[in-house]
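Subject: Handover of a structure for your review

Dear colleague,

Please find below the structure that I am handing over to you.

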Amino acid sequence: MNRLVTAIVNFFQKRLWVAFVSKRFASVDKKGNSKVTGILAVLGIGFGVMTLITVMSVMNGFQMTSISPLIELDSFHVQVSDLGEEDIVDFIDFIESDSRILCSSQTYQAQALMTAGKNRESCALIKAVDQDILQKDPGFAKNIHMVWGDFDLSSKDSVVLGYSLAAEGLGVKNGSQVNLFALSGSKDVSLVSNDRKLNVTGVFSSGYLDIDQTFAFVGVQTARNHFAKDQNVTFSIKLIDHEDDASLIVDIQKRFPKAKAVSWRQFNRSFFNTLKIEKNILLFLVLLIFVVVGINIYNGMRRLVFERATEISTLQALGGTRMQIKSIFVFRGFLLGLKGTLIGLVLGLLLSMNIDVVFEVISKIVFYCNYYYAVVFNPSAAQYVYENPMFAIYASIPAIIFWKEVVMICAFGLLAPLIASERAGCNVLKMNIQEVLHNE
């Protein structure tokens with residue numbers, strides 16, 4: 001027992017000794033170069049962590065703003081089709097009993113050339129959904145913002161149009177009538193008809209232009225009246241956690257091998273990949289800050305090792321091992337990284353949570369700078385100076401913080417100076433104590 005206590009005490013004494021000497025090396029500097037290097041390193045790491053957290057949060061907000069309408073209104077989380085008639089009842093029982101599934105809807109889809117009045121026509125994607133979808137699907141309801149009327153599909157031949165499709169494409173509004181002039185389908189569907197009249201009960205906006213320009217929602221019964229009789233039903237599924245899509249698809253394919261299950265990841269794959277590449281490029285560019293800071297720390301620590309050659313040799317002569325003395329510089333690098341990371345973490349989170357205020361302040365600063373410049377150098381043009389509307393758009397983008405990314409960024413902030421200090425400390429192992437003390 002005594003040996004164990006002695007070992008523990010010796011362990012902590014050695015660590016405390018390393019921390020004490022590292023602190024002394026940081027505070028006592030003959031030339032001041034080490035102190036300046038340390039301050040610049042802390043500022044560099046703090047700026048890098050702050051910038052990365054803010055940029056990634058804004059990019060996450062931009063991506064989710066673009067992706068959310070596509071997932072919630074178009075692809076859903078999982079779509080299952082090509083089920084045989086004998087499997088539909090079993091499949092309904094399966095999705096009702098699966099704890100991963102939030103809700104499901106039976107949907108149909110067809111393409112159409114929609115007309116209204118004289119010389120007004122536009123292509124549309126007709127999607128048939130359950131009339132109570134707003135009540136059972138909160139994600140769908142969150143992304144449907146009604147401009148006119150209500151999302152009411154209960155009445156016969158009712159339709160809800162996207163805002164751009166209604167206002168710009170067809171020139172209609174709530175209460176108007178449209179016609180499915182040309183409709184995709186099989187032989188039992190007339191390609192062209194003037195008798196497929198639908199009553200507009202509402203106009204919605206999703207915030208995503210492609211959806212607002214093309215989407216038209218109808219009830220399931222309306223779709224059965226006008227679509228092909230052999231139109232395959234598609235089960236559109238929403239999950240409690242959309243990341244469970246892969247495991248659900250595996251289970252579906254095991255139990256229903258003939259069914260075709262498609263994840264939200266496969267819809268608009270090129271669009272999602274473009275956003276991912278853009279985010280990764282920004283991540284790479286900002287990570288270069290850590291590379292530059294790491295190089296500066298390495299050069300500063302390497303210079304410090306040679307400046308402290310006499311002290312290092314004295315410590316070795318008094319019994320300090322090379323690894324313990326190397327740990328002095330590694331510990332100092334860790335402290336620099338910790339200080340910078342904490343500063344950057346706090347500032348990054350504050351900026352991300354108040355990004356709308358930041359853009360509003362920037363907008364005001366830019367406006368007043370331009371205004372006073374015009375007043376001084378060209379007074380007649382001052383009345384034409386106005387705030388850039390793009391800043392209002394930027395301010396409307398929500399910043400979404402993913403804590404896994406925050407942890408990864410903080411890890412980079414700690415590792416960059418730690419690795420640089422460790423490599424610089426290797427110079428300690430190359431020193432010859434006798435030569436250093438002899439020369440001094």
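I begin with a single position. Ala411 has a relative accessible area of 33% and therefore counts as partly exposed, since that class lies between the buried limit of under 20% and the exposed limit of over 50%. Ala411 belongs to helix 15, which covers residues 403-429. Along the chain, Ala411 and Gly337 are 74 residues apart, and their C-alpha atoms are separated by 9.5 Å.

Please bear in mind that this is a predicted model.

Arg224 lies in helix 8, residues 220-226. With a relative accessible area of 41%, Arg224 is partly exposed.

The chain contains 16 helices and 10 strands. Among contacts with a separation of 6 or more, 80% are between residues 24 or more positions apart. The chain exposes about 24,100 Å², and 60% of this area is supplied by carbon and sulfur atoms.

Which residues of helix 3 are buried? They are Asp87, Phe91, Phe94 and Ile95. The buried residues of this helix pack against strand 1 (78-81), strand 2 (101-115), strand 9 (234-239) and helix 9 (245-255). In general, an α-helix has 3.6 residues a turn, so residues three or four places apart point the same way.

Glu96 is also located in helix 3, which spans residues 85-97. Is Glu96 buried or exposed? Its relative accessibility is 63%, so Glu96 counts as exposed, the cut-off being over 50%. On the surface, Glu96 gathers with Glu85, Glu86, Asp90 and Asp93 in a patch of negative charge.

Finally, I draw your attention to helix 6, which comprises residues 163-170. Its buried residues are Ser164, Leu165, Ala166, Gly169 and Leu170.

Yours sincerely

How values were computed:
Residues are numbered from 1 along each chain as its sequence is written. This is a predicted model: local features need pLDDT of at least 70, side-chain atom pairs count only at pLDDT 80 or more; totals for chains, interfaces and linings use all residues. Side-chain values use heavy atoms; hydrogens and water are left out. Patches are made of residues with over 30% relative accessible area and no salt bridge: like charges are joined within 9 Å, nonpolar side chains (Val, Leu, Ile, Met, Phe, Trp, Tyr) within 5 Å. Accessible areas come from the Shrake-Rupley method with a 1.4 Å probe; for residues, only the protein chains shown count as cover. A salt bridge is a side-chain nitrogen of Lys or Arg within 4 Å of a carboxyl oxygen of Asp or Glu. Lys and Arg count as positive and Asp and Glu as negative; His and the chain ends are not counted. The place of a charge is taken as NZ of Lys, CZ of Arg, CG of Asp or CD of Glu. Helices (H or I, at least four residues) and strands (E, at least two) are DSSP runs, numbered from the N terminus. Buried means under 20% relative accessible area, exposed over 50%, partly exposed in between (1.4 Å probe, protein chains only). Contact means heavy atoms within 4.5 Å.
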